[in-house]
Amino acid sequence: MSPDKPTYKELETRLARSEAIIASLTGGEIDAVLSGENISLLRTVEEVETMRLVRCELERLIEERTAELAQSREKYRRVVDNIHDALITDDIQGRVTFVNDRFLKMFGISLEKVDSLRLENYLAPEWQSVLRDRHDRRMRGKDIPAFFEYEAIRPDGKRFWVEELVTPVVENGIIIGTQSSIRDITERKRAEKAIEESKLLRKELEHMSRVISLSGLTASIAHELNQPLAAIRSNAQAAVRFLSWDSPDIEEVRKALVDIIKDNRRADDVIRGLRSLVKRENFELIDFDINTAVHEIISLLYNEVLEYEISIKMELADDLPPVYGDRVAVSQVVLNLMLNGIQAMAGLEIDSRELVVRTRQTDSTTIEFSVIDFGNGIGEDQKEQIFKPFYTTKANGMGMGLAICRSIIEANDGLIWFTNEPDRGTNFHFTLPVFRKA
Amino acid sequence: MNEDSPIVFIVDDDPSICSSLTRLISSIGLQAKSFTSAQEFLQHERPKGPCCLVLDIRLPGLSGLDLQDYLNSLPYNIPIIFITGCGNIPMSVRAIKHGAMNFLEKPFEDQALLDAVQNAIEQHKQARQKEAEIFEIQQRIESLTSREREVFALVVTGMLNKQIAAELGTSEKTIKVHRARIMNKMKAESIAELVRMAGKVNL
């Protein structure tokens with residue numbers, strides 16, 4: 001090439017012109033071409049030849065670059081297609097502008113259909129309006145959380161959960177569409193569901209321990225209703241008597257009536273509170289070994305023992321005679337008392353979290369079960385309330401646990417009570433009658 | 001009402017029950033006082049006159065049955081009427097075995113409770129009279145000399161003066177003197193009365 005290297009632009013212009021001239025020359029239009037200006041361009045054939053070479057060089061370069069570009073495009077395409085996530089871009093109206101292979105596979109869509117692809121084609125119906133709304137708001141420049149989970153649907157009707165990460169595509173400061181990467185989270189959802197279900201199962205177990213046998217519940221209801229009913233009756237009867245005095249005591253009658261109204265309301269509250277309770281029927285009395293029942297409950301408590309990092313010390317008397325009662329209901333009382341004990345020690349040093357479970361025969365007709373924790377004990381102010389229905393100190397408690405425990409134990413001809421340990425902690429005890437052969 | 005008027009104590013953890021029973025009992029002109037725990041009742045001063053206790057079985061802290069046992073361990077015989085909202089058989093058996101006067105299930109007829117209360121008060125009145133009598137007899141026995149007490153013990157078994165003299169190694173005449181003094185000190189009109197007195201103090 002010549003030493004005073006012309007720029008690409010100059011070369012191009014000159015080339016175009018010389019080509020035009022050459023074309024004219026070969027076309028025989030000599031007069032038109034051989035003007036003064038053009039002649040100066042055609043200084044030498046050599047120069048024309050140089051220009052040809054330059055042009056060849058340029059063409060070669062362009063070809064090379066095009067190949068490189070295609071190669072890099074292919075590389076990029078392979079990355080995009082082989083990526084685990086599905087990728088999709090769309091424009092401001094939501095028209096699909098690009099999808100990768102993974103997208104086609106994940107959503108079961110053929111490449112030909114991509115141009116006419118709409119949200120409706122790959123979203124479960126209940127999610128369509130939500131996602132359209134998100135898209136529209138994003139297009140209006142609203143700040144929308146990038147991650148979103150929804151259920152997608154394939155043409156064959158198969159549904160699956162995906163997680164989408166959407167980012168707006170901005171060109172010259174204007175939003176022109178979005179690009180999203182979509183991940184199949186079916187497995188994750190399944191795992192989450194399994195965890196949810198096991199949580200639910202545990203909840204049900206705890207619920208069972210609170211809301212137990214029909215008869216236990218009935219006794220509890222009976223007691224709670226009997227109290228206000230008894231008070232209403234005594235007040236009414238007292239009022240009748242006050243009226244029958246020679247000079248009736250109207251003030252006392254008025255007070256009695258006020259109390260009657262108050263207790264009536266209380267009875268209403270009891271009934272309302274009970275409506276929410278679920279019942280389990282069948283109260284079955286059998287003879288059974290209390291120690292076996294205790295062992296069973298302890299194995300049920302495996303998770304709590306791990307979770308609360310407590311140790312259980314068993315002091316179960318050997319050779320106990322069988323007791324007589326509703327085995328399931330009694331087991332639930334054991335479970336409930338142990339759970340209470342475990343929870344009462346949650347705040348202690350790990351070393352002192354010990355739950356003692358004890359069985360013993362107190363006389364020829366009585367077996368006593370005790371569970372002893374080393375928690376903070378039961379405060380004086382709670383002592384009065386603790387066995388009452390709907391009384392609870394737990395955030396999510398129903399306050400039926402101990403009330404039902406008591407009604408179950410009493411329905412089984414036993415007694416239930418508690419004592420506070422002098423060096424803190426609480427002892428819950430109940431007794432059951434020894435089984436006697438008929 | 002003076003301080004010797006009969007009084008009915010009510011112990012029930014339910015304030016509604018306390019106030020309604022207090023009202024019911026006062027409607028027949030009896031004095032009533034209620035407590036919501038056994039401990040509260042125990043702190044209260046003991047009455048001079050006859051009384052009875054209407055006691056709920058199920059109480060926070062010391063239960064009704066525990067309170068009954070505790071009261072039984074004291075020289076304080078107050079008749080107890082148990083009331084319960086959910087009594088079972090073992091409980092009622094235990095209560096009655098330990099000396100309860102009555103066992104009523106809530107809700108009960110007013111007349112049933114009022115009858116029970118009046119019976120209890122009446123019983124307590126008699127018991128107190130008997131106690132006073134026994135106390136009086138014991139006081140009289142205290143006034144006897146040790147020899148007189150020996151003679152007294154033998155007289156009430158129905159022994160003759162002669163037999164007693166032989167038993168104690170003394171003369172019949174001496175026994176006669178002792179016997180006259182005993183009759184005098186014990187304020188007994190007859191041997192039969194003396195025997196009754198001895199029976200009352202389980203001599």
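Guide: A salt bridge is a side-chain nitrogen of Lys or Arg within 4 Å of a carboxyl oxygen of Asp or Glu. The model here is a predicted one.

Visitor: How many salt bridges are found across the interface of chain B and chain A?

Guide: The rule finds six between chain B and chain A. One of the pairs in a salt bridge is A:Glu410 with B:Arg58, at 2.5 Å from N to O.

Visitor: Which helices of chain B supply at least two residues each to the side that touches chain A?

Guide: Three are named: helix H1 (15-26), helix H4 (89-97) and helix H5 (110-142) of chain B. H1(B) gives the largest share of that side, eight residues.

Visitor: What is the make-up by class of the side of chain B that touches chain A?

Guide: That side has eleven nonpolar, eight polar and nine charged residues. As for polar contacts, 14 residue pairs between chain B and chain A are counted, both residues at pLDDT 80 or more.

Visitor: How is the size of an interface often given?

Guide: Often as the accessible area lost when the parts come together. Here chain B and chain A bury about 2,500 Å² between them, 46% of it on carbon and sulfur atoms. In residues, 28 of chain B are in contact with 29 of chain A.

Visitor: What does the disulfide count come to over all chains?

Guide: The count is zero disulfides. Among the cysteines, B:Cys18 is buried at 3% relative accessibility, while A:Cys56 is partly exposed at 47%.

Methods. Residues are numbered from 1 along each chain as its sequence is written. Chains are lettered from A and ligands numbered from 1 in the order in which they are written. This is a predicted model: local features need pLDDT of at least 70, side-chain atom pairs count only at pLDDT 80 or more; totals for chains, interfaces and linings use all residues. Side-chain values use heavy atoms; hydrogens and water are left out. A disulfide is a pair of cysteine sulfur atoms within 2.5 Å. Buried means under 20% relative accessible area, exposed over 50%, partly exposed in between (1.4 Å probe, protein chains only). Contact means heavy atoms within 4.5 Å. Buried area is the accessible area (1.4 Å probe) that two parts lose on being put together, summed over both. A polar contact is a pair of N or O atoms within 3.5 Å; within protein, one must be able to donate a hydrogen and the other to accept it, and residues adjacent in sequence count only if both atoms are side-chain atoms. Helices (H or I, at least four residues) and strands (E, at least two) are DSSP runs, numbered from the N terminus. Ala, Val, Leu, Ile, Met, Phe, Trp, Tyr, Cys and Pro count as nonpolar, Asp, Glu, Lys and Arg as charged, and the others, Gly among them, as polar.
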